Every structure is written in C-alpha cells, then in structure tokens.
Number of protein chains: 2
Amino acid sequence: MPLKAIDDQHILGDIVGAVESIDDCGDGVFDVRIALSAATVGGDAGQFLNMAFGNTSLHDDVVLVDVDGQLPFPGPQHGIDGLRQRVGAYGRALTCSALKPQGLPAARLAALAERFARGGIDFIKDDHGLADQSYSPFAERVAAIAGAVGRTRYVPSLSGNLETMRRQVEISGACGIDTMLIAPMIAGWSTFQALVRDYPGVAFLAHPSMGGAARIAPELLIGKLFRLIGADAVIFPNHGGRFGYTPDVCRRLAEQARAPRDGIRSSIPVPAGGMTVDRVPEMLDFYGVDVMLLIGGNLLAAREQLTDRTANFTRAVAQHRYR
Amino acid sequence: MPLKAIDDQHILGDIVGAVESIDDCGDGVFDVRIALSAATVGGDAGQFLNMAFGNTSLHDDVVLVDVDGQLPFPGPQHGIDGLRQRVGAYGRALTCSALKPQGLPAARLAALAERFARGGIDFIKDDHGLADQSYSPFAERVAAIAGAVGRTRYVPSLSGNLETMRRQVEISGACGIDTMLIAPMIAGWSTFQALVRDYPGVAFLAHPSMGGAARIAPELLIGKLFRLIGADAVIFPNHGGRFGYTPDVCRRLAEQARAPRDGIRSSIPVPAGGMTVDRVPEMLDFYGVDVMLLIGGNLLAAREQLTDRTANFTRAVAQHRYR
C-alpha cells in the first residue's frame, strides 16, 4: 500500500507497519525489526501467519527469525505436565514410537502397536502419513489400536478439513483416546486453533510436515509458534539424523518450547527423524529430563525383536544418569 | 521407514515410494523422480501435500519441482470462461484492483470500491490482509461494498477456519457475491478443497500468501496445484515488481494455469505485486488475452484521481493491440 495514498492519521499512526530498526550483520545480511499492529490480526492464528510472513514468504532472501509481543494465543492446554500425567512418568524423559508402514491393514498395525506397548513405551503416534486411506480407514484403525495398547497412549494422526478432523477427534474420544497428532502447516493454523479451543481435554502433538523451516526459523515456527497455538508436544528433526538441523537450532527450538512464559504452559520437545536407541544417552544429556524421545524406524527395523528393542529403549531412558 | 522392517510384498511392491530416475544436472544438483502410490493420498488435498513434500520440505536443499500423474482433483469449477461470463468481458484481458489500506471502516472501503467501479474495473478484491478485524468486520464490510460496486465483481477475502469461512461465503452469497479470495497455504488445502466442493456456484481467486515458493517451484505450487484444487484465478508476483520471480518463472506459471488438461478447466493467471498502469501494454504482450491484470497500490496512489487512473487502466486493456 503506497503510504501517500493513506490520508487517515489513525491508520498512519496505529495500523501501518513500522520499521523499528535495521542492523547490518555483514555479508549483505540485515536484521530488520518491524512492528505490526495487533489489531490487524485479532485472534485468528491463520491471520497471524498471514500478517507475520504471508507475502514476505514470497521473497527469495527473507527469513522470519522471531516474533515478539503479546500474541493472542493461549498455548498448550496440557503441556509437559499433562503429558506426564497421562502416562504416569515423572523424573525421566518420555518415550514415543511411530506406527508404520503405510499399507498395513488396521489389524496388523494394532499387532505392531501391541508389541511396542509390551516394550513399555509411553506414546505410539501414527506415522504422519497415515490418514484415512482405504487400506486402514481411520475409524477401523483407531478402534483396533486403542484396544491393543493397554496403558500406552496411542496418538492418531488427524487429516482432512476441520469437519473431518472433528469426526476423527470424536471417533478417537469414543475409543478412550485423549492425545492426537496434527501437522499445523498442512491443516492450517486456524484449523488447529479451533481444535485446541473446542477439545480442551485433548492434548496435541504438533508434526512439522510442510514446515519448510528454511524460510521460517525452525525455533520460531516449531518451538515457539506451534506451542503458542496450542501444541502440547512439538516434533522436530534432531541434529545428526535424517534432516539438516544443527545442534544449535535444536537447542534453541527446545528452549523456545520449554522456556517459562507468563501464563503459557510449556510444550515438550520431541526430537526425532532417524534416531536410534544407541543415541538415547547422548540425547538425554543434550535435552535434559523434559523431553520426549521418538524412535520409529530403528525399533521397527528390529522386526521380531521389536518388543525387546523397545524395552531397551524405555530402560535406557528410565535408568539414565544425567551428566 | 526402514525397508528391511517391511515384510509385506504388497506394501513393498505397491505402496513404498520408488526412485524412478536420478539425473546429474551438474554443480551438485540432481533431478530425482520418485513414484508415490496414489493409494497413500486418497482424495484429500492436504494429505496430497503431506505426501508430496511434507517431511521433504524440512530438508535445506530440496525443491519440489513438479508433480505428475492422475491427481484426484477436479480443477476449477468456473475457470477463465466463468470469470469472463461474470463480468461480460471477452477478447480482452480482465482487470482487477485491491481494496486497502487496513484500518479503514467499512463505509470508507465501500466509497473507495465505488470509485474503482466507476473507473470500469472488472474485479475488486479485498487486500488479503483484510480479515474480520474490529475496524471493518467482515459482514459489515461485505454488505457495504457489495452495495457500492454495481456491475463490478467484489471479491471478499476468506479467513479463519472452515466453519468461519462457510459463514463468510454464506454472508457474501446473501449479498449477491459469487467470487471469493482464499490463500490456500494459510487456509490449508483441505479447507480450500471443501469450499470448492460445497459451493460449486462460487469462483475462487487463489492468493499466494505463505507460498514460500522458493521451496516449491512457483509454477508448480501456484500455477498447477492451486488450479487443480479448484482456483479459478491464481494471483502471483509478476516479474519486475516487488518480488523476485523471473520472467521465465512467470511464463511457466501462466502456462501451467492455462494449459489444456484433460477434463480440467483453465485458471486465469493474475500477475500482480507492484504493477503499474504504464506496464499494461508490456504485460498484455507477455501474457496474451487470457490474463487478469491486478493493479492495487498504483491506482490507490492516484488518490483523488483514482477513478480516472482506473479508467486509464481499463481503457489500456480494452484498446490494446497485441503485437
């Protein structure tokens, strides 16, 4: 909007974005701080993203590094404490694995889940690729797995639009499930926000799919903003795995998820993406106690020893002595 | 998923992704073609994005360049022909402008829209930043503007979740509006898909906000995929304006939007982003007749001459002789 086409003093003073500072970081990179009016957002999370980085995301050479101020979001409804309560685990890291591959029918996924559960794992999340496919329809899958996992929490993956997701939350609730997986960048932030608001009893694990976080700083997108919209747990690619995040990015992301914020619960960081059981001690020393370790493929690759390797995993977490 | 943990021949043969080719493009860049099973997607647009580029978007050095095959989407319900019918414009480019700034109350936006309309413009879209803000609530704004534009089509911007957007489409419909603006990357593809399905009488302009198209090739994301999900018009940053797309990217994007595809209507390309009236002839020669020119700030900057400059714009389009 050309400024000279605005003749309203209120808009010029209170609504138009203001460049607060430009710092030269060298090498042609500048750190720019821009103030936006909260009135342009209201309370809608999608509109927040639209204002914060909507058109700017189309520039080749701009990264959204941080967002500050009074953001109109309540944060997690459960957070770290609520997730610990669900599985009665205190003073140690939480454990998680992933159900896959795609293509298995519900009964075989349930059999796999049952073996994870016997290994003592806290949470089993759907692979985020599991949706409502013909080979394992959502309702059938959730009922089968919910009945197979005992005290382990099964975390089904939400897909489709808000109405589809409502049905999925309700189908899951009827099976006693109180923890769900959602990918905010796929679902739309407003969709996620509506679910957090309307199902206060449900805890949400946020999946980073389509996070494209090379353009929005990962610690901001996944650590800070997913938490603010309502993620009780935030999954992200750990350093040294299948993705390229550095240890520093991972540390900052975990800090953003857990750092004390006035009136906002902490989210639990969930480093993942090619993690293995032998990395458990190192990861625990890196992240501390308030972390959920998510190991999928490495447990599944044990095949007939899946329950044993899962038990190794949960034991390594339970017995870890922090340096 | 470790392949060695899969013991089901059907999954190994029909579901697991297959690397079809790897071509060395030089400079450490490779063109890789991967086949994914359509069964992993079903018909959901969000799940399509999840499968096509979900986790892969988290890699620093991967760009999604193209997607081929039988995609389960119907394309636009109206397309170029339907948009032309709405405004009775044939054999010339369509014209569009944008209502802003944020912060104006409904009555003043309506007064601005009325002046655009008197200049003979075909479409007036909300600035994509206009949502349901306190200074111009959606219902009040839409009613005021719909009553002010005569034969010009006013295109309100959708925001919030699917249920909010349904209310907005219905409020707009009650005011005689049949064309809406949506940002698929903010709304979520499944949300957009549900609206296309449930409101077959409504034409949709797709806004690229949060397109972050440096990671998904712009011609694929905006030109091809937004069309396939159902955008009748796709807005994108034209070369030489406020964004960094090259002429080649823009040409390919417009080709993707308009190219004949079996049983799929064409979307109209809408180059925008800092365009000016004096670029009209050059843009028309570049894009041809099936284009909608969107000029916002440059018309608004004319202030008291807004109607006159709008008339210059619409006349330049009507009288253009293609080279």
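Biologist: How does the radius of gyration of chain A relate to that of a compact globule?

Modeller: Please keep in mind that this is a predicted model. A compact globule with 323 residues would have a radius of gyration near 20 Å, so the value for chain A agrees with that expectation. Along its principal axes the C-alpha trace spans about 70 × 45 × 35 Å, and the radius of gyration of chain A is 21 Å.

Biologist: What percentage of the residues in chain A are buried?

Modeller: Chain A contains 13 helices and 10 strands. Among its contacts between residues at least 6 apart in sequence, 72% join residues that are at least 24 apart. Of the 323 residues in chain A, the buried share is 53%.

Biologist: How many residues of domain 2 of chain A are in contact with domain 1 of chain A?

Modeller: Chain A is divided into domain 1, residues 3-58, and domain 2, residues 79-318, and the centres of these two domains, taken over C-alpha atoms, are separated by 34 Å. Domain 1 contributes 6 residues to the contact, and by class this side has 3 nonpolar, 2 polar and 1 charged residues. The number of residues in contact on the side of domain 2 of chain A is 8.

Biologist: Which element gives the largest share of the side of chain A that touches chain B?

Modeller: In this contact, 64 residues of chain A meet 64 residues of chain B. The elements of chain A that give two or more residues to its side include α1 (9-15), α2 (45-53) and α6 (162-174). By class, the side of chain A has 28 nonpolar, 27 polar and 9 charged residues. The largest share, 6 residues, comes from α2(A).

Biologist: In which sense do strands β1 and β2 of chain B pair?

Modeller: Strand β1(B) covers residues 18-26 and strand β2(B) covers residues 29-35; the two form a hairpin with 2 residues between them, and Asp27(B) in the turn has a positive phi of about 55°. Within the pair, Asp24(B) stands opposite Phe30(B) in β2(B). Over 7 bridges, the sense of the pairing is antiparallel.

Biologist: How many residues of strand β2 of chain B are buried?

Modeller: A residue counts as buried if 20 or more other C-beta atoms lie within 10 Å of its own. By that criterion strand β2(B), which has 7 residues, is hardly covered. The count of buried residues in β2(B) is 0.

Technical notes:
Residues are numbered from 1 along each chain as its sequence is written. Chains are lettered from A and ligands numbered from 1 in the order in which they are written. This is a predicted model: local features need pLDDT of at least 70, side-chain atom pairs count only at pLDDT 80 or more; totals for chains, interfaces and linings use all residues. Domain bounds come from an automatic or database domain assignment. Two residues are in contact if their C-beta atoms, placed from the backbone, lie within 7 Å. Ala, Val, Leu, Ile, Met, Phe, Trp, Tyr, Cys and Pro count as nonpolar, Asp, Glu, Lys and Arg as charged, and the others, Gly among them, as polar. A residue is buried if 20 or more other C-beta atoms lie within 10 Å of its own, exposed if 12 or fewer, and partly exposed in between; C-beta atoms are placed from the backbone. Helices (H or I, at least four residues) and strands (E, at least two) are DSSP runs, numbered from the N terminus. Two strands pair if DSSP finds at least two bridges between them. The radius of gyration is taken over C-alpha atoms; the globule rule is 2.2 Å times the number of residues to the power 0.38.
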